[in-house]
Amino acid sequence: MKWYDLFSNFYDSSLDKLYFESRKRAVELLELRENHTLIDIACGTGANFKHIKALGIDLSIYGTDFSEGMLKKGQLNIEKNSWDKIVLFQADARKLTTEFVEKQIQKKIEFDRVICVLGLSVIPDWEQVLNKTLELLKKDERIVIIDVFAENRTLNTWLVEKVAKADLNRKIWQALENRTSNFKLEYLPVKNYKVGGKLFVATGLKK
């Protein structure tokens, strides 16, 4: 993930505008409530945090990423905005068991919500990671995923995959639908050529 350490220096300036409304929509779909506990998988620089904090809801946020550079930038953003109740920790997403997370944050915890934006197209062994992510959730609680699927591959698909170190062939929404109840899928209004394929948001409840 050395590339993402470098990418962290210009990630927000290059991509914040492109994904701003999509991240906002994902946060709406989380249906957050007071005192909820949320984990943001592949949180990167914390681009989701401003949308969550804008709700004015008192909740606890935990962000995890494999890239130290992304997390350092995320921590700077937290401090710059004086956001409270946000804890970041580094992790390989394939190790995200409840026991592992509790060891990292040094407390017992259960999660009411999970969000993962543009992570599962990049993370290795993504179906294993999805399973582990769902295990972190309380029963009947919600997960929201944003990602890209290239139904028709183009030169831009190849370029996005090279830049993001991603695989846009993964049918992530199908895997989520098979593992959750009350599944919903939306395609987001971002031009395909800008992201290499169809940008979607999918949500469901842990069975």
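How many salt bridges does a search of the whole structure find? The search finds 15. A salt bridge here is a side-chain nitrogen of Lys or Arg within 4 Å of a carboxyl oxygen of Asp or Glu.

The model is predicted: local features need pLDDT of at least 70, side-chain atom pairs count only at pLDDT 80 or more, and totals for chains, interfaces and linings use all residues. Residues are numbered from 1 along each chain as its sequence is written, and side-chain values use heavy atoms, with hydrogens and water left out.

**View 1. A salt bridge joins Asp 16 and Lys 50.** The N to O distance is 2.9 Å. Asp 16 belongs to helix H2 and Lys 50 to helix H3 (residues 49-53), so the pair ties together parts 34 residues apart in sequence. Helices (H or I, at least four residues) and strands (E, at least two) are DSSP runs, numbered from the N terminus. Asp 16 is partly exposed at 24% relative accessible area. Lys 50 is partly exposed too, at 29%. Buried means under 20% relative accessible area, exposed over 50%, and partly exposed in between (1.4 Å probe, protein chains only). Ile 52 also sits in helix H3. Ile 52 is buried, with a relative accessible area of 0%. From Ile 52 to Ala 150 the C-alpha distance is 28 Å, across 98 residues of sequence.

**View 2. Arg 25, Glu 28 and Glu 186 form a salt-bridge network.** The closest N and O atoms of Arg 25 and Glu 28 are 3.1 Å apart. Both residues lie in helix H2, 3 residues apart, and are therefore separated by about one helical turn. Arg 25 is partly exposed at 26% relative accessibility. Glu 28 is partly exposed at 44%.

**View 3. Arg 94 and Asp 125 bridge two loops.** Their side chains meet in a salt bridge of 3.0 Å, N to O. Arg 94 is in the loop between strand E3 (86-90) and helix H5 (98-105), and Asp 125 is in the loop between strand E4 (111-117) and helix H6 (126-136), so the pair ties together parts 31 residues apart in sequence. Arg 94 is partly exposed, at 30% relative accessible area. Asp 125 is partly exposed, at 41%. Ala 91 lies in the loop between E3 and H5. Ala 91 is buried, with a relative accessible area of 8%. Ala 91 and Phe 66 are 25 residues apart in sequence, with their C-alpha atoms 5.1 Å apart.

**View 4. The largest pocket holds about 730 Å³ of space.** Its lining counts 45 residues. Tyr 4, Tyr 11, Leu 118, Val 122 and Ala 164 lie nearest the centre. Elements giving two or more residues to this lining include helix H1 (2-7), helix H2 (11-30), strand E1 (37-41) and strand E5 (137-149). By class, the lining has 29 nonpolar, 9 polar and 7 charged residues. Ala, Val, Leu, Ile, Met, Phe, Trp, Tyr, Cys and Pro count as nonpolar, Asp, Glu, Lys and Arg as charged, and the others, Gly among them, as polar. On a 1 Å grid over the protein atoms alone, a pocket is an open set of points with protein on both sides within 12 Å along at least five of seven lines; a cavity is a set where a 1.4 Å probe fits but cannot get out; lining residues have an atom within 4 Å of a point. Grid points are joined across faces, edges and corners, and a volume is the space filled by probe spheres set on the points.

**View 5. The structure has 1 cavity of 30 Å³ or more.** The largest cavity has a volume of about 40 Å³. Its lining is Tyr 11, Asp 12, Leu 15, Asp 16, Tyr 19, Arg 23 and Ala 47. That lining has 4 nonpolar, no polar and 3 charged residues.

**View 6. Glu 31 has a positive phi of about 55°.** Most residues other than glycine have a negative phi. Glu 31 is in the loop between H2 and E1. Glu 31 is partly exposed, at 34% relative accessibility.

**View 7. Leu 118 has a positive phi of about 60° and is not a glycine.** Leu 118 is placed in the loop between E4 and H6. Leu 118 counts as buried, at 17% relative accessibility.
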